[in-house]
Amino acid sequence: MNVSEVNTGTEFILLSFPTREVQVLLFVLFSMSYILTLIGNGAIVFAVKLDHRIHMPMYTLLANFSFLEICYVNTTVPNMLRNFLSEIKTIYFTACFLQFYFFSMGITEIFLLPLMAFDWYLAICQPLHYPTITNSHLCMNLVALCWVTAFLCYPVPIYFITQLPFCGPNTIDHFVCDPGPLLVLSCTPAPGIELSCSLLSSLIIFITFFFIFWSYTLVLRTVLCVPSAAGRRKAFSTCGSHLAVVSLFYGTIMMMYIRPTSGNPTGIQKIVTLVYSSVTPLVNPLIYSLRNKDMKTALRKIQMCTKISQSK
């Protein structure tokens, strides 16, 4: 496609990956990943909603986490899959920044993960006080605070990015609208905006990461005091799985958003974005929920109800 044909004032071109063969392969892989992500996370949301036995703060957090993952993948993956096969990879200026805004809503996950880690800490380290501290009302208020805070974090930086002059052709060497590639297209340098985005991201990421690290340090210290070897193994297995997900998520977002955004090589940006936008939403339900005995019981109950309703 001749990029000069695009109205550079109203559209961007997303280049995606360079070769057709790679794009077709990625389309197949991420189509399967997308479907499995929706099924896995959707099953968890319905299980928590329908099974009254698990209407507890721990599972309320898991349901919100899974709902967030569904929203998150629907923000980017459908358009990404379309661009993998499409010859015309354009996106309107307004749609690009809307995608950027809702893609940045992944910051809700950064707020929910510490909340889940703290819940796990209370359940292990303060079991007698857990029912009184983590009541449903407090849990819902904290979850609402996470969502509202995430909605309010990035509108101002995004507004200032939209006011930048973009030089044509507006070709974004990425498959999503992300701050790094967008700032590269600016006709004038914007070090203030770039630095403010980096500082805001760094502040949020490091504060929440060290809170999670502190929570799991206290959990592991308590687990080491458990007299039963089987109990220690089970707790270590659960903690290890949770920490693996936290490490994968925080490792990728730190690579992308801690240092100034336009300084990341394009190839690394694409690979890292694929990991935290598609891979982590797929593995999170497996780690956080499907290893949980109560959650597996609730999912089996839903499966049985589905089979009964289909047989009628």
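Is Val 73 buried or exposed? Val 73 counts as buried, at 1% relative accessibility. The notes below start from the whole chain and return to this residue.

1. **Overall make-up.** This is a predicted model. The protein chain has 12 helices and 3 strands. Of its 312 residues, 47% count as buried. Take the contacts in the protein chain with a separation of 6 or more: residues 24 or more positions apart account for 81% of them.

2. **Val 73 and its surroundings.** Val 73 sits in helix α2, which covers residues 57-85. Leave out residues up to four places away in sequence, and Val 73 touches Tyr 34, Thr 37, Leu 38, Pro 78, Ser 277 and Pro 281. Leu 282 is 209 residues from Val 73 along the chain. Even so, the C-alpha atoms of Val 73 and Leu 282 are separated by 9.6 Å.

3. **Thr 37, a partner of Val 73.** Thr 37 belongs to helix α1 (residues 20-50). Its relative accessible area is 1%, so Thr 37 is buried. Setting aside neighbours within four places in sequence, Thr 37 is in contact with Gly 42, Val 73, Ser 278, Pro 281 and Leu 282. Pro 281 is in contact with Thr 37, and Pro 281 is also touched by Val 73.

4. **α2 against α3.** Helix α3 spans residues 93-103. The axes of α2 and α3 are 8 Å apart, and the two pack at an angle of about 140 degrees. That angle makes α2 oblique to α3. The crossing of α2 past α3 is left-handed. On the α2 side, the contact is made by Tyr 72, Thr 75, Thr 76 and Asn 79. On the α3 side, it is made by Gln 99, Phe 102 and Phe 103. By class, these residues divide into 3 nonpolar, 4 polar and no charged.

5. **α2 against α4.** Helix α4 covers residues 107-125. The axes of α2 and α4 come within 10 Å and cross at roughly 160 degrees. The cut-off for roughly antiparallel is an angle over 145 degrees, so α2 and α4 are roughly antiparallel to each other. Their crossing is left-handed. From α2, the contact is made by Pro 57, Met 58, Leu 61, Leu 62, Asn 64, Phe 65, Leu 68 and Glu 69. From α4 come Thr 108, Glu 109, Leu 112, Leu 113, Leu 115, Met 116, Asp 119 and Ala 123. The contact of α2 with α4 has 11 nonpolar, 2 polar and 3 charged residues.

6. **α4 against α9.** Helix α9 runs over residues 191-223. The axes of α4 and α9 are 9 Å apart, and the packing angle is about 20 degrees. α4 and α9 are therefore roughly parallel to each other. Here too the crossing is left-handed. α4 contributes Ile 107, Ile 110, Phe 111, Leu 113, Pro 114, Ala 117, Phe 118, Trp 120, Tyr 121, Ile 124 and Cys 125. α9 contributes Ile 204, Ile 205, Thr 208, Phe 211, Ile 212, Ser 215, Tyr 216, Leu 218, Val 219, Thr 222 and Val 223. The tally for this contact is 19 nonpolar, 3 polar and no charged residues. Leu 113 of α4 takes part in this contact and in the contact with α2.

7. **Aromatic pairs.** The count comes to 12 aromatic pairs. One of them is Phe 118 with Phe 211, a tilted pair: 5.9 Å centre to centre, with 45 degrees between the planes. Phe 118 lies in α4 and Phe 211 in α9, so the pair ties together parts that are 93 residues apart in sequence. Phe 118 counts as partly exposed, at 29% relative accessibility. Phe 211 is partly exposed as well, with a relative accessible area of 32%. Elsewhere, Phe 206, Phe 209, Phe 210, Phe 249 and Tyr 250 form one aromatic cluster.

8. **Ser 136.** Ser 136 is placed in helix α6 (residues 136-153). At 43% relative accessibility, Ser 136 counts as partly exposed. Ser 136 and Met 58 are 78 residues apart in sequence, yet 9.4 Å apart in space, C-alpha to C-alpha.

Methods:
Residues numbered from 1 in each chain as written. Predicted model: local features only at pLDDT ≥ 70, side-chain atom pairs only at ≥ 80, totals over all residues. Heavy atoms only, no water. Axes fitted to C-alpha atoms, helices over the stretch in contact; angles between N-to-C directions. Helix = DSSP H or I, 4+ residues; strand = E, 2+ residues; numbered from the N terminus. Parallel < 35°, antiparallel > 145°, perpendicular 65-115°, else oblique. Left-handed = near helix turned anticlockwise from the far one by under 90°. Contact = heavy atoms within 4.5 Å. Nonpolar A, V, L, I, M, F, W, Y, C, P; charged D, E, K, R; others polar. Phe/Tyr/Trp six-rings, centres within 6.5 Å; stacked < 30°, edge-to-face > 60°. Buried < 20%, exposed > 50% of the residue type's maximum accessible area, 1.4 Å probe, protein only.
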